[in-house]
Amino acid sequence: MDYREVVSVYEELDKTTKRLEKTRILSDFLKKVPKNDLQEIIYLMEGRIFPQKDERKIGFSFRYMIKAISVSSGESFEKIEKLFNKKGDLGLVAEEVMKNKKQKTLHSKKLIVKDVVDNIRKLATLEGKGTVDKKVGLVTELLGNGDNLEDKYVVKTVLENLRVGVSEGIVRDAIASAFNVSSDEVEKAGDYTADYGEVAVLAKDKKLKKVGLKPGRPFKLMLALPAENPEAIFKDLGKLVQFEYKLDGFRMTIHFDGKNYNLFTRRLENVTMQFPDVISIVKKHVKGKSYIIDCEAVGYDVKSKKYLPFQNISQRIKRKYHIEEMAKKFPVELNVFDVIYHNGKNLMEKSLRERREILEGMIKEEKREIVLTKKLITDDGKEVQKFFNNALENSMEGLMAKNYEGPYTPGRYVKGWMKLKNVLEPLDVAIVKAYWGEGKRANMLTSYGVAISKDGDLKEIGKVSTGIKEKDAPLTYWKMTQLLKPLILKTKGKEVEVKPKIVIEIAYEEIQKSPTSSSGWSTRFPRCLRLREDKSVKEISTIEDVKRIHDLQKKK
Ligand code: AMP
């Protein structure tokens, strides 16, 4: 399929803000897409090149892009940079300067979807010497072949900044309407595969009903809504609730298909390679011909055996080298709380009561290797309060509350699980600005402008400058600078605007109204607690969370 057709749809989608209209545009288009291109077209419409669960990153910086645009347009690097500072979007810059391409390649050929996807995918896989030139070459080739509108969207896609307003819900509904199936069915297949590209092809082939859980393939995990107090929990979850300690580690699902083991994080990254120690533990301690179990991996100190906060072990997640050494230095204990698949059977529809019973029959507990989460099944608010206090005394984040008779509901924030945290729960915020330090910190970004989300848009809620250390801490200014520098979009004196990618957790004394911040709120004495590498910008705290905490604070 010609890339031009995709671009026309982008332009049409960009012209409307109406959800139904966007769904119709996308659905009409999907009906026309040949099966061979369908999977990739879905990714392109979502503004990506790989499925969401694929951990490969395109990793092409703004500077490389300025270079590529400069080479293919014949305009100077400085001119492109200047235009970028003015417009703030390199896609728009490309659209403008490519109108009068000075160096139209002699053999330019029509852009087809496959070539666009192939070239951009290569950006994520190339490694080693001379890589930068090769990468710039791949993008320049695409820009040379496209017209100026195609170039606009190639640039936006490579920079992962498409922004034509296609949400996951729109993709789901468009697939349903294009192939005459129900949105529920599409959503369910989306939960099981975490890949709407794959789902679209299955829907076209009328094979949606055949999709099920498969060990080795990540699926969307069940998530928890916040609760104010035990009464609210009983109101929402029913009479009988299972409470568990909320541990401060990271979510891990462990898949065993009878032969191979696979480990996935909450964001569905495959971390099998990084945790050989976990595989040894489950081989010894978990029974089953095949299974998928859900747990929290919690780090502990080698000597004292005491639990460590998440940030101490977070560095293991992305490690590529010295893995065995890291496993010895930062061991984890698996705290298992659910089983979703066992001996060839999908257990999602079964109640927690039934799932937990199966789980208890599968796990041979051994402290600091693998244990079942502590549980309290009750309908009594007073007992919950006692259990909650115990949890806090034991340095837990609070409690998880789970509907004892409820199923495992993947992917959505539904009232099946709730979390009860200590009051004034921390906020997860996205860094949208940063500020260069002074004196010996002049080459480091030392404070950060942070934002919450309001209907999907980012709104600022203040500036954080404490909680990060000079050295010898998991989170140093240097580390923050390394993370943020490649994301810089614009510079204004000491302030830089950054692409919102980094999520941090902040604590504070109080939430207050603020007429000067774009969210209308600010926090008093905010301090950074940790990086939330397991959360994407889509999952940050919302304006509703802030209002809820504000109301709660008033009641105290
Ligand atoms: P939050 O990250 O605040 O949205 O809380 C949900 C997360 O708590 C889950 O994704 C798990 O990683 C973690 N967690 C800790 N203890 C438990 C538990 N007992 N049951 C389920 N999730 C837990």
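In this predicted model, the side chain of Glu 296 places a polar atom 2.5 Å from an oxygen atom of the ligand. Two further side chains have an N or O atom close to ligand oxygen under the 3.5 Å limit for a polar contact: for Lys 246 the separation is 3.1 Å, and for Arg 532 the corresponding value is 3.3 Å. The protein buries 96% of the 500 Å² that the ligand exposes when taken alone.

The shell holds 16 residues, of which Glu 244, Arg 251, Glu 296, Lys 402 and Lys 419 come nearest. Several strands take part: strand 2 (241-246), strand 10 (398-403) and strand 11 (417-421) each contribute at least two residues to the shell.

Attention may now turn to the second largest pocket. The space in this pocket amounts to about 650 Å³. Its lining comprises 26 residues, and those closest to the pocket centre are Asp 248, Pro 309, Ser 395, Met 396 and Glu 397. By class, the lining consists of 13 nonpolar, nine charged and four polar residues.

Among the strands, strand 17 (503-507) and strand 20 (527-531) each supply at least two lining residues; strand 20 gives the most, with three.

Definitions and conventions:
Residues are numbered from 1 along each chain as its sequence is written. This is a predicted model: local features need pLDDT of at least 70, side-chain atom pairs count only at pLDDT 80 or more; totals for chains, interfaces and linings use all residues. Side-chain values use heavy atoms; hydrogens and water are left out. A residue is near a molecule or strand if one of its heavy atoms lies within 4 Å of it. A polar contact is a pair of N or O atoms within 3.5 Å; within protein, one must be able to donate a hydrogen and the other to accept it, and residues adjacent in sequence count only if both atoms are side-chain atoms. Accessible areas come from the Shrake-Rupley method with a 1.4 Å probe; for residues, only the protein chains shown count as cover. Helices (H or I, at least four residues) and strands (E, at least two) are DSSP runs, numbered from the N terminus. On a 1 Å grid over the protein atoms alone, a cavity is a set of points where a 1.4 Å probe fits but cannot get out, and a pocket is an open set with protein on both sides within 12 Å along at least five of seven lines; lining residues have an atom within 4 Å of a point. Grid points are joined across faces, edges and corners, and a volume is the space filled by probe spheres set on the points. Ala, Val, Leu, Ile, Met, Phe, Trp, Tyr, Cys and Pro count as nonpolar, Asp, Glu, Lys and Arg as charged, and the others, Gly among them, as polar.
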